[in-house]
Amino acid sequence: MKEAVGHDCAVVTRISVEGMGPSGIHVDEALQFVRMADDLVDLWDVNIGSIALWSHDSGTSRYFEEGYQLEWTGRIREATAKPIVGVGRLTSPDLMAKIVRSGVWDLIGSARPSIADPFLPQKIAEGRIDEIRECTGSNMCIMKVDGFGHLGCIQNATAGEEHRRGWHPERFDRAGNADKPALVVGAGPAGMECAITLGKRGFETVHLVESEPQIGGKLRWIRRLPTLGDWGAWWTGAPSSSTGSRTST
Ligand SMILES: Cc1cc2nc3c(=O)[nH]c(=O)nc-3n(C[C@H](O)[C@H](O)[C@H](O)COP(=O)(O)O)c2cc1C
Ligand code: SF4
């Protein structure tokens, strides 16, 4: 590839490195490979797991904390001065900045966090932190892709549907009947999202009604279950890791 593209185009390769599973390349072996191939690569894209061990790479919040891949991928700097991009449930702008400043990686990769919010980099750059739809690490996106062949996301109702919305799911036109009052029954996540969207469509009066004393639906209690605290990211505005060990089931 380098011979074909010369210096007109960057050559990037992804390599999985780890030491915790039966699959994947052990980090010490990976360091040797990086040293040998370093001249041929312009950017190293490092992760853990493998295509056969997707559950380590796209680890769920139930078992993996934000930045969990750093334990292994953070070692690649030992073998190269080339730029490095890494991944691993990175949703907090503060942690992203800390990693880049530390020099361990040069770029932050966000696969699921970008599904949850395609405008993540822009919102960080503009300081609109409160507007970020934070990835909860639920892995519903993967379940939907694997099971139904269609990407979806519990944080971003328009994920996989962007083509229907002019490729800009956060731009809303005023509805033709926006002068009429709207009633949304049920203030779970779907009802609340619906009410917000109606507001963005210019509806002058939106009634959101709920029979329970509090809004939030079943996610109000799901986020209190052991290891599922991060599912409350949408609720609290920040992930909670208060709900027990990630290794319990
Ligand atoms: C829907 C989906 C599709 C993915 N497809 C690929 C793929 O084709 N090749 C690949 O190397 N990684 C793929 N990944 C893994 C991501 O590139 C990334 O390594 C992983 O999700 C961890 O990063 P994250 O925590 O930022 O999501 C995919 C991830 C998701 C969620
Ligand atoms: S479904 Fe959405 S919130 Fe859940 S892991 Fe995928 S991108 Fe993140």
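Predicted model: local features only at pLDDT ≥ 70, side-chain atom pairs only at ≥ 80, totals over all residues.
**Entry 1: the whole chain**

I began with the overall picture. The protein chain has 249 residues, and 41% of them count as buried. I then looked up the secondary structure and found 11 helices and seven strands in the protein chain. For dimensions, I took the C-alpha trace along its principal axes, where the span is about 65 × 45 × 35 Å.

Next came the surface. The protein chain exposes about 14,000 Å², and 56% of that is supplied by carbon and sulfur atoms.

**Entry 2: ligand 2**

Where does ligand 2 sit? I found that the space taken by ligand 2 is the largest cavity.

Which residues come nearest to ligand 2? There are 13 residues around the ligand, and those that come nearest are Cys135, Ser138, Asn139, Cys141 and Cys153.

I sorted the shell around ligand 2 by class and got seven nonpolar, five polar and one charged residues. My class scheme puts Cys with the nonpolar residues, a handy thing to remember with Cys135, Cys141 and Cys153 among the nearest residues.

Then I asked which helices take part. Helix 6, residues 112-116, and helix 8, residues 140-148, each supply at least two residues of the shell around ligand 2. Helix 6 gives the largest share of that shell, three residues.

Trp167 lies in the loop between helix 8 and strand 6, the latter being residues 182-185. Is Trp167 buried or exposed? Trp167 counts as exposed because its relative accessibility is 64%, and the cut-off for exposed is over 50%.

Thr227 is not a glycine, yet its phi is positive, at about 70°. I placed Thr227 in the loop between helix 10 (219-222) and helix 11 (233-236). Is Thr227 buried or exposed? With a relative accessibility of 4%, Thr227 counts as buried, since buried means under 20%.

**Entry 3: Phe119 and its partners**

Phe119 was my next stop, in the loop between helix 6 and helix 7. At 15% relative accessibility, Phe119 counts as buried. What does Phe119 touch, leaving aside its neighbours within four places in sequence? I found it in contact with His168, Pro169 and Glu170. Glu170 is 51 residues from Phe119 along the chain, and their C-alpha atoms are separated by 9.0 Å.

**Entry 4: Glu131**

I looked up Glu131 in the loop between helix 7 (120-125) and helix 8. Glu131 has a relative accessible area of 43%, so I wrote it down as partly exposed. Setting aside neighbours within four places in sequence, I noted contacts of Glu131 with Asp117 and Lys123. I also took a distance to Pro226, which is 95 residues from Glu131 along the chain: the C-alpha atoms are separated by 27 Å.

**Entry 5: Lys180**

Lys180 belongs to the loop between helix 8 and strand 6, and Trp167 lies in the loop between those elements as well. Apart from neighbours within four places in sequence, Lys180 is in contact with Phe203 and Thr205. How far apart are the C-alpha atoms of Lys180 and Ser92? The separation is 40 Å, for two residues 88 apart along the chain.

**Entry 6: Ile196**

Ile196 counts as partly exposed because its relative accessibility is 46%.

Key:
Residues numbered from 1 in each chain as written. Chains lettered and ligands numbered in written order. Heavy atoms only, no water. Near = heavy atom within 4 Å. 1 Å grid on protein atoms, 1.4 Å probe; cavity = no way out; pocket = protein on both sides within 12 Å on 5 of 7 lines; lining within 4 Å. Sits in = over half its atoms within 2 Å of the grid points. Helix = DSSP H or I, 4+ residues; strand = E, 2+ residues; numbered from the N terminus. Buried < 20%, exposed > 50% of the residue type's maximum accessible area, 1.4 Å probe, protein only. Areas by Shrake-Rupley, 256 points an atom, 1.4 Å probe, with all protein chains shown as cover. Contact = heavy atoms within 4.5 Å.
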